[in-house]
Amino acid sequence: MSGKLIRLFLVDGNPNGLRTVEISNMTIYTTIFPRSKLKDFLQREESRKAGCYLLIGNDIATPEETIVYIGEGEIVRERLKSHSLGGKQKEFWDEAIVFTSKDDYITKTQIQFLEAELCRLAVDAGKVKLDNGTRPSKPTLSEVDNAEMEQFLSAIQLILSSIGIDILESERISNNQEDKQKQEKIFEFKIKNATAKMKIEDDKYIVLKGSTAVVENRPSAGKSIKTMRKTLIDKGIMKLTEQRDLYRFEENYIFTSPSYAAAAISGGEENGRVRWKYKGKSLNQIEKEEIE
């Protein structure tokens, strides 16, 4: 993959305030702001353009769960005002991300396409609770417009990932990569009668299909570990084996750190940089050898 130049501008000098993001040589223009800065956004030129947007917040009943609403508008300022006041007001959101174009050549049908695809990606990723009452249908575009919007959609995914918002990125990984895996470092972690395998790809820690994990959480396991393992079980990522003495991963799964991946296996806190081994060497040892 070739390098990309992404420009982040802090409009008011506050890293948590109103921000803009641009990708060099692309028309996409992204504006991010907390709800308290909605008034400032409404005074900006991009608020008067067509675009699509994300409203992000947390569920009051379950604060650890993220809620997202995905919308579009020929004039986005009118839609955002309605979500802040009036009959379409949405209480949950505390941050908005708006995607517009630097030029004015983006049609209603194109932004409806983006809205539908963003909803599909969010549902497939399964990381957030989508507040949209119904899934928008994807309109039919010409071959040229379809190619252009696919490029725009890829830019949205790149921007979101670069600012640490991975709500469109599925933690499930395709399993048909056996030939590639043979050339990769496959780390192993054994505890009790469980054996797990992990690879590192694009700075992601991926526990591989077929890995096993212990059934019982440790008494000392924190709430986050218990919640994480319960989520894996509820989603069918980890299922009991026939002997019911272990959980088995039914597919490859991404974790945010090697320690979190190890915790999913052991049911308790772990130092993943020590516990995962490749040919007898830990992640820490391998890293030390690489930089010395």
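I began at Leu-54, which stands opposite Ile-97 in β6. I note at the outset that this is a predicted model.

**Entry 1. Strand β4 and its partners.** I looked up what else faces Leu-54 and found that this residue also stands opposite Ile-70, in β5. I then followed both pairings along β4. With β6, the strand pairs in the antiparallel sense over six bridges. With β5, β4 again runs antiparallel, and eight bridges join the two. I also checked burial: seven of the eight residues of β4 are buried, and I recorded the strand as mostly covered.

**Entry 2. Helix α2.** I turned to α2, residues 76–84, and asked which of its residues are buried. They are Val-76, Arg-77, Leu-80, Ser-82, His-83 and Ser-84. I next looked for what covers them. The cover includes the strands β3 (28–34), β4 (51–58), β5 (66–73) and β6 (93–101), together with helix α1 (38–42).

**Entry 3. Helices α3 and α4.** I examined the packing of α3 (residues 108–125) on α4 (residues 143–162). Their axes lie 10 Å apart, at an angle of about 50 degrees. The crossing of α4 by α3 is right-handed. I listed the contact residues on both sides. From α3 come Gln-110, Phe-113, Leu-114, Glu-117, Leu-118 and Leu-121. From α4, I recorded Asp-145, Asn-146, Glu-148, Met-149, Glu-150, Phe-152, Leu-153, Ile-156 and Gln-157. Sorted by class, this contact between α3 and α4 holds eight nonpolar, three polar and four charged residues.

**Entry 4. Helices α6 and α7.** The packing angle is about 70 degrees, and the axes are 10 Å apart. Angles of 65 to 115 degrees count as roughly perpendicular, and I therefore describe α6 and α7 as roughly perpendicular to each other. On the α6 side I found Ser-224, Ile-225, Met-228, Arg-229 and Leu-232, which meet Tyr-260, Ala-263, Ala-264 and Ile-265 of α7. The class count for the contact of α6 with α7 is seven nonpolar residues, one polar and one charged.

**Entry 5. The sheet of β12, β14 and β13.** I traced an open sheet of three strands in the order β12-β14-β13, with antiparallel pairing. Which strands lie at its edges? They are β12 (212–213) and β13 (238–240), each of which pairs on one side only. Between β13 and β14 (residues 247–249), which run antiparallel, I found three bridges. Within this pairing, Met-238 has Phe-249 in β14 as its bridge partner.

**Entry 6. Positive phi values.** I searched the backbone with one expectation in mind: most residues other than glycine have a negative phi. Asn-25 has a positive phi of about 65 degrees, although it is not a glycine. I located Asn-25 in the loop between β2 (19–23) and β3. Is Asn-25 buried or exposed? Asn-25 is exposed, at a relative accessible area of 80%.

Arg-244, likewise a residue other than glycine, has a positive phi near 60 degrees. I placed Arg-244 in the loop between β13 and β14, the strands joined by three bridges in my previous entry. With a relative accessibility of 60%, Arg-244 counts as exposed.

Conventions
Residues numbered from 1 in each chain as written. Predicted model: local features only at pLDDT ≥ 70, side-chain atom pairs only at ≥ 80, totals over all residues. Heavy atoms only, no water. Axes fitted to C-alpha atoms, helices over the stretch in contact; angles between N-to-C directions. Helix = DSSP H or I, 4+ residues; strand = E, 2+ residues; numbered from the N terminus. Parallel < 35°, antiparallel > 145°, perpendicular 65-115°, else oblique. Contact = heavy atoms within 4.5 Å. Nonpolar A, V, L, I, M, F, W, Y, C, P; charged D, E, K, R; others polar. Left-handed = near helix turned anticlockwise from the far one by under 90°. Buried < 20%, exposed > 50% of the residue type's maximum accessible area, 1.4 Å probe, protein only. Pairing = 2+ DSSP bridges.
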